[in-house]
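This briefing is intended for a reader who is new to the structure. Please view the sequence and the model together before reading on.

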Amino acid sequence: MSGLFASYTTALARSGAFDEMFAPGHRARESYGHVAQALAELSLADVKARGGLMARSFLNRGVTFDFAGEERPFPLDIVPRVIAADEWDVLERGVAQRVRALEAFLNDVYGPMKVVSDGVVPRKLITTSAHFHRAVHGFDPAGGVRVHVSGIDVIRDAAGTFRVLEDNVRVPSGVSYVLENRRAMAKGLPEVMGQQPIRPVEEYPRRLLSALRKTAPSGVLDPTVVVLTPGVFNSAYFEHTLLAGLMGVELVEGRDLICRGNHVFMRTTAGERRVDVIYKRIDDEFLDPLHFRADSMLGCPGLVNAARAGGVTIANAVGNGVADDKLIYTYLPDLIRYYLGEEPVIANVDTFRLEDKASLEEVLDRLDELVVKPVDGSGGKGLVIGPDASRAELAQLRARLIEDPRGWIAQPVLQLSTVPTMGGEKFGPRHVDLRPFAVNDGDDVWVLPGGLTRVALKEGSLIVNSSQGGGSKDTWVLSSPQTDGPAAGVEEHAQANAGGVPVGGPKPAPPVRESVSVWPVESNWRDNHAQKQQQQ
């Protein structure tokens, strides 16, 4: 263990980041006690062998990702990201609050626009968004829900404070890796999974299907749900097939659908069958060639008209992208107060709006210190990290900001929190973020306990996106007695999530050996953390 973590403290000090596993003094946090104990008993050969098993299990199940034109097994590291129950309570409440505010905002901007008339958000900001679609203005979606599924990206800063980095309510992806990571981790740290009260994640498909059925058009007693995919060449096609299979619904492409009389039907070998709910996994611009891109072969003509007429529910709703605009993100704290009458549970990252002349001038003076992002970007595309950029890149960026300040935001460079990650012959601190997924059925917002932890595999890198070469970690949310009862779901979790690894029921936690110089558990960390949170 000591060899695997050689120089970890030194590398962590260089990064200046909050480490999820280790408290100051190189002591394992309470939530990581079992993980630290298990890793202390593994050699480098053990870690590599288990990593190989996890990678092969991904290959066997087709859990791959297209990177630079090459299909690779999705990188999964052996060290999980562990979230204590009290910390998860904050994240869960904050994500649900955010989804409710975004739902209210979308209903408003495609309706009366009171948020504009009341002076909370400028009209021009909304109408100039690339994803504000006038084709769906003025109608209420069947089922009354626009944000069925969301992925809210969260980071922890150097002070250990959670902050929302961005909102994803168009076509959030990545939940399949949450489900598959848990299965694969049965080969990574099975002994720890049998000891800790980890909340299971396999409930997600059932929750999603229930929400989709609940928001079907009125009068439909037994709604037919389908998953609409762009096809096999889409990088997230594995996720589309997995979710359709786990929900027990049809996976369709645009060519399988036909619109008639403001209803949607799918072609089957037994004839046409009416479709009531479409869980779309394609961008709005390709959904309906009658209203958006006329050259699109991915969607189906007439879908928007059918949705406007109440003949079909489209999830997520067309036009949600205006809420993903990173300029709208800067207004979310105000929108939470405006629509919900609450203070934000999780704060935003400090952000410059470049439409403001003074802010633009300050950003131009500090380009080499800031992170600059396009407001409609995703997957890390277009992002420029000032300290890492060349003079030529900064000069080019300066010209683009002056030409189109509406198209960009700027933020300070944040040292995202780190988790030990295997690199070469030892573990090193690597930066991570977290994407919790939420399902909204119109009455309740349910947040999947965990979410996708993405990790920057390159030392020092802050780019965690899988499309940019990042990997992932299984995210373990520890249950509390108030959540799952005294046994905290250990046996249930082992059976549901361990992928068939036999576990004979809850096992007593092994004592942390104080004779080992590596990281005794910091037993009072939660109390200290709770006090800090209250003080903040």
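This is a predicted model: local features need pLDDT of at least 70, side-chain atom pairs count only at pLDDT 80 or more; totals for chains, interfaces and linings use all residues.

Residues are numbered from 1 along each chain as its sequence is written, and side-chain values use heavy atoms, with hydrogens and water left out. Helices (H or I, at least four residues) and strands (E, at least two) are DSSP runs, numbered from the N terminus.

**Helix α2**

- Helix α2 (residues 33-40) is largely enclosed by the rest of the structure, because seven of its eight residues are buried.
- The buried residues of α2 are G33, H34, V35, A36, Q37, A38 and L39; buried means under 20% relative accessible area, exposed over 50%, and partly exposed in between (1.4 Å probe, protein chains only).

**Strand β22 and its partners**

- In strand β22 (residues 437-440), F437 and V439 point one way and A438 and N440 the other way, and all are buried.
- Strand β6 (residues 149-156) runs antiparallel to β22 and is joined to it by three bridges; two strands pair if DSSP finds at least two bridges between them.
- β22 also pairs with strand β23 (residues 445-447), in the antiparallel sense, over three bridges.
- V439 of β22 is the bridge partner of V149, and in β23 the bridge partner of V439 is W446.
- Four residues lie between the strands in the hairpin of β22 and β23, where G442 takes a positive phi near 100°.

**The parallel sheet**

- An open sheet of four strands has the order β9-β8-β13-β14, with parallel pairing.
- Its edge strands, β9 (250-252) and β14 (313-315), each pair on one side only.
- Strand β8 (residues 225-228) is joined to β9 by three bridges, and V227 has L251 in β9 as its bridge partner.

**Helix α10 and its contacts**

- Helix α10 (residues 237-247) lies across β8, β9 and β13 (277-280), at about 150° to β9.
- The axes of helix α7 (residues 175-184) and α10 come within 9 Å and cross at roughly 70°; axes are lines fitted to C-alpha atoms, for helices over the stretch in contact, and angles run from 0 to 180 degrees between N-to-C directions.
- V175, S176, L179 and E180 in α7 meet F238, E239, L242, L243 and L246 in α10, where contact means heavy atoms within 4.5 Å.
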